[in-house]
There are 2 protein chains.
Amino acid sequence: MQHSTQRAQTHELLKSRGIERALFANIATVKWLTGFAPPIQTGPSAFLGGPPMVWYENGAWTLMVFDWQEVNAGEFGKQENCALVSYSGYTVDQPLTGQVKLRGLFRSVVQNNLSGKIGIEARDVPADIALTLHEIGAAELIPLDTWLEPFRRIKTPEEIQKLRDNFRLTDIGHAAARRAVQVGATEIDVWNAAHYAIEKAAGQRVALGNDCVVGYRKDNVGGWPLNNEIRAGDSVVVDLSTILHGYWSDSCAAYYATEPTAKQRAMHHTAQRALDLAISLVKPGAVAREIDAAVREFMRKEGYPVYWHHTGHSLGVTSHEDPRIVPYNDMTLQENMVVMLEPGIYFPGETSVRLEDAVLVRQHGAEILTHHDKALP
Amino acid sequence: MQHSTQRAQTHELLKSRGIERALFANIATVKWLTGFAPPIQTGPSAFLGGPPMVWYENGAWTLMVFDWQEVNAGEFGKQENCALVSYSGYTVDQPLTGQVKLRGLFRSVVQNNLSGKIGIEARDVPADIALTLHEIGAAELIPLDTWLEPFRRIKTPEEIQKLRDNFRLTDIGHAAARRAVQVGATEIDVWNAAHYAIEKAAGQRVALGNDCVVGYRKDNVGGWPLNNEIRAGDSVVVDLSTILHGYWSDSCAAYYATEPTAKQRAMHHTAQRALDLAISLVKPGAVAREIDAAVREFMRKEGYPVYWHHTGHSLGVTSHEDPRIVPYNDMTLQENMVVMLEPGIYFPGETSVRLEDAVLVRQHGAEILTHHDKALP
């Protein structure tokens, strides 16, 4: 049963709040509730009538997608308490009316039985769908955006497996990127080496973020690859997120085309010690902001400018989630949370390093999920 | 002035309908109205508060984006009648509240001056934003989804240049794919060769659709590349769409790892003649369904199964738009429309061919925008 834990948790929550019906339309929520992960690489399809939506009614679930997406919906037909219904997005026989058909499908799923409170993700449900609910008799619409976020923080075994599959791919991408960082190669060459290796290993297209930047860029914290050529003495920060099964990974390293300079070696060494420190602090009960403060303080003591970005963050059906490892965050780590840790040192326009691992919070500490080679050459 | 023609047309339309204010949130509309094209390759950013939106008020325009997108917004600050405003999507100083901030920004842009009719793209504006409009005094919300589609059919010179830039990239991708179709290579190898060549030529990441399928696939009409190996005697259909400047291209060919068989040569030859026929019929005043019928009839007479998909379609800020070249469509072609034409012949699980060109409708006929080598080897 894909993601049945997630639906059971949500059912209990809605029940406890007296909500018998609910509509979800945020893509992250839809993925989390059902495991359904539509392709994203080229943006929304021209045949889509709107976002995939999930209707909840007294413990029963219905996922609404368009028929070309059904191919990607995998095992849904077999799920006991989550029906899959679809509308025809493409035809040559009549004008493209996916938008009209989705709304027709929605009405047939919802019917007119709308007494009581109806929860909706008001920030993602299209205005006309909400209006339809109102027109067909919904008495009270309760916005429930963000309600499920606390659940999302603790990963199920099924989710952890999806994340492991992703981290295996980023490891493969990093190995290829590390080899590709050569004098005369460009950022795009390095990026393509990583992406190609990842897609061959996955046997399918895999969306890939985030950064591939040579040290002499003015902003050498991050950015997408360009045709900047790698020269002798350059560092390259390579930060990779794959998106497989609808789940994100994340991992970063700095690579060098030639023997790193003494300054680069010292920076890299400090970044590695900062990362080791961060990982050593991960355990159930650790406070996010305390980890953040300890790593920033370490950077300061080492005499380096303290990075302006987060020390870390969680991820899952999106790239960046709580617990964020940032100065304000009082949240404590719990078992089966997944946390990225990624201290960096940046000298704009000159050179930079960022090292990032992903860890799973286990009873007695951190299990490292990333295994890319971040060692100095 | 980017896309000032589009805004002028829309202004005239709204004025003629007595609509003084309007809110657009469909990404295709936003791109078309402003030229703003956010990156799409990894899906919506975790820091986004909602879709980019455009507010119209008596001839003045405001584009609302989050600050990381502003980097991609290019020349907006300089546009006389289109202001760019943004909210902070990412910070380490407080919880991620892009959704709240977008709504605050929206209220500050809209203010409380909401007399008269307000047009909204009701299928794309989030429910809570529509509700906000209502709460702060909007008297009458007029859904205007699809109103701009007729304008979108006729491309401006600026749009035609964006399309030419894209077609140049697909030509480059096809040249690389054609070379990569070799015995022992996989679909992913061919795909990567195309994608890599495109991104190097563009000097940046470029989203890429659509298909790369070896003839022995059961569905050899289309699909994303897998690790299917190309064998002697195999055909490979390669259908590429780049998305640069927010505009789509599209082009297709079949390539062969070894000398094509007699059957493949005959199929390829017929597909080329069908495409030539289709192109010869393109001129202002030509009726979409008549082109469709003529090409299908040609296929039938040649003794091949008639493809189930469209004969062609237009594109622009989405991948598939009117005029569709399909059986029901009475629409006539007009100058400065852009049309894809793509007859194919499919023997499922065995071999397939599809040849596709893009043409610009000119006063005396078709100007071919694609220049990839579709000839038999």
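The centres of domain 1 and domain 2 of chain A, taken over C-alpha atoms, lie 34 Å apart. The model is a predicted one, in which local features need pLDDT of at least 70 and side-chain atom pairs count only at pLDDT 80 or more, while totals for chains, interfaces and linings use all residues. For finding one's way around, residues are numbered from 1 along each chain as its sequence is written, with chains lettered from A and ligands numbered from 1 in the order in which they are written.

Domain 1 of chain A covers 4-152 and domain 2 covers 157-368; these bounds come from an automatic or database domain assignment. Where the two touch, 8 residues of domain 1 of chain A are in contact with 10 residues of domain 2 of chain A, a contact meaning that the C-beta atoms, placed from the backbone, lie within 7 Å. On the domain 1 side of chain A, α2 (27-34) and α6 (149-153) each supply at least two residues, and α2(A) gives the most, with 3 residues. Sorted by class, this side of domain 1 of chain A holds 4 nonpolar, 1 polar and 3 charged residues. Here Ala, Val, Leu, Ile, Met, Phe, Trp, Tyr, Cys and Pro count as nonpolar, Asp, Glu, Lys and Arg as charged, and the others, Gly among them, as polar.

Turning to the chain as a whole, chain A has 10 helices and 17 strands, which are DSSP runs numbered from the N terminus (helices: H or I, at least four residues; strands: E, at least two). Its C-alpha trace spans about 70 × 50 × 35 Å along the principal axes.

One open sheet of chain A has 5 strands in the order β12-β11-β13-β16-β17, with antiparallel pairing; two strands pair if DSSP finds at least two bridges between them. Its edge strands, β12 (321-325) and β17 (365-368) of chain A, each pair on one side only. Within the sheet, 2 bridges join β11 (residues 312-314) to β13 (residues 338-341) of chain A, and these strands run antiparallel. The bridge partner of His313(A) in β13(A) is Met340(A).
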